[in-house]
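Here is a report for a reader who is new to this structure. The sequence and the model are shown just below, and the text then moves from definitions to the overall picture and to single residues.

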Amino acid sequence: MVHYRRSRVPGGRYFFTVTLCDRKSALLTDNVGLLRAAFRQVQRRWPYTLDAAVILPDHLHVVMVLPDGDHDYSGRWRAIKSLFVRYLRRAGVPAYPVAGGGYGVWQARFWEHLIRDENDWRRHVDYIHWNPVKHGLVERVVDWPYSSFGRYVRAGVLPVDWGGGPMADDDGVFGE
């Protein structure tokens with residue numbers, strides 16, 4: 001078995017990418033209410049804060065902050081993913097068992113990055129908000145409904161027209 005080296009910092013702030021097995025699927029946006037319910041249910045049992053999030057048809061990105069003394073983001077993701085599949089099945093959305101366990105909805109792994117500092121955090125939050133434009137789903141960041149961008153606008157952190165043009169830093173990347 002492959003052992004992945006993960007950064008485990010109690011109370012850490014992390015950027016995550018979590019992806020469906022079927023990269024052509026729109027399962028997440030088609031069932032966004034069920035996904036949000038899974039996030040809320042897990043958050044009640046294992047607290048965390050979402051600094052930023054975007055849900056795309058086949059994957060999602062979040063910046064998650066864990067409580068002081070807690071580094072178990074893997075357990076949270078395992079719970080979110082399995083609860084979402086359970087909610088899908090209850091709603092009659094086809095999800096069939098696959099060899100090796102699970103239901104073949106989510107990729108087994110996820111990508112995580114420990115946020116190092118304020119600049120790193122800003123770059124990842126910008127990346128999250130820009131992602132629907134990057135994937136050609138909308139022309140303007142404000143037009144994507146499954147993002148924390150609206151929360152940032154309502155709080156006065158970002159203007160509603162943020163992201164009106166190309167959004168890369170000097171070296172052409174956001175920090176994914």
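In what follows, Ala, Val, Leu, Ile, Met, Phe, Trp, Tyr, Cys and Pro count as nonpolar, Asp, Glu, Lys and Arg as charged, and the others, Gly among them, as polar. This is a predicted model, in which local features need pLDDT of at least 70 and side-chain atom pairs count only at pLDDT 80 or more, while totals for chains, interfaces and linings use all residues. Residues are numbered from 1 along each chain as its sequence is written, and side-chain values use heavy atoms, with hydrogens and water left out.

**Overall picture**

The protein has five helices and four strands, where helices (H or I, at least four residues) and strands (E, at least two) are DSSP runs numbered from the N terminus. Along the sequence these elements follow the pattern β-α-α-β-β-α-β-α-α. Of the 176 residues, 47% count as buried, a term that stands for under 20% relative accessible area, with exposed meaning over 50% and partly exposed in between (1.4 Å probe, protein chains only). The protein exposes about 9,800 Å², and carbon and sulfur atoms supply 51% of that area; accessible areas come from the Shrake-Rupley method with a 1.4 Å probe, and for residues only the protein chains shown count as cover. Among the contacts (heavy atoms within 4.5 Å) with a separation of 6 or more, 71% are between residues 24 or more positions apart.

**The second largest pocket**

A pocket is an open set of points on a 1 Å grid over the protein atoms alone, where a 1.4 Å probe fits, with protein on both sides within 12 Å along at least five of seven lines; its lining residues have an atom within 4 Å of a point. The second largest pocket has a volume of about 310 Å³, the volume being the space filled by probe spheres set on the points, which are joined across faces, edges and corners. It is lined by 16 residues, of which Arg36, Phe39, Leu50, Ala53 and Ile55 lie nearest its centre. The lining divides into 10 nonpolar, three polar and three charged residues, and helix H2 (32-45), strand S2 (49-55) and strand S3 (59-65) each supply at least two of its residues.

**Salt bridges**

The structure holds six salt bridges, each a side-chain nitrogen of Lys or Arg within 4 Å of a carboxyl oxygen of Asp or Glu. The table lists some of them.

| Pair | N to O distance |
|---|---|
| Arg13 and Asp51 | 2.6 Å |
| Arg116 and Asp120 | 3.6 Å |
| Arg140 and Asp143 | 2.8 Å |

The salt bridge between Arg13 and Asp51 links distant parts of the chain, with Arg13 in strand S1 (residues 13-19) and Asp51 in strand S2, 38 residues apart. Arg13 is partly exposed at 32% relative accessible area, whereas Asp51 is buried at 12%. In the second pair, Arg116 is exposed at 62%, whereas Asp120 is buried at 3%. Asp143, the partner of Arg140, counts as partly exposed at 37% relative accessibility.

**Two buried residues**

Thr29 is found in helix H1 (residues 27-30) and counts as buried at 13% relative accessibility. Leaving aside neighbours within four places in sequence, Thr29 is in contact with Ile55, Leu56, Pro57, Trp144 and Tyr146. Trp162 lies in the segment after helix H5 (149-154) and counts as buried, at 13% relative accessibility.
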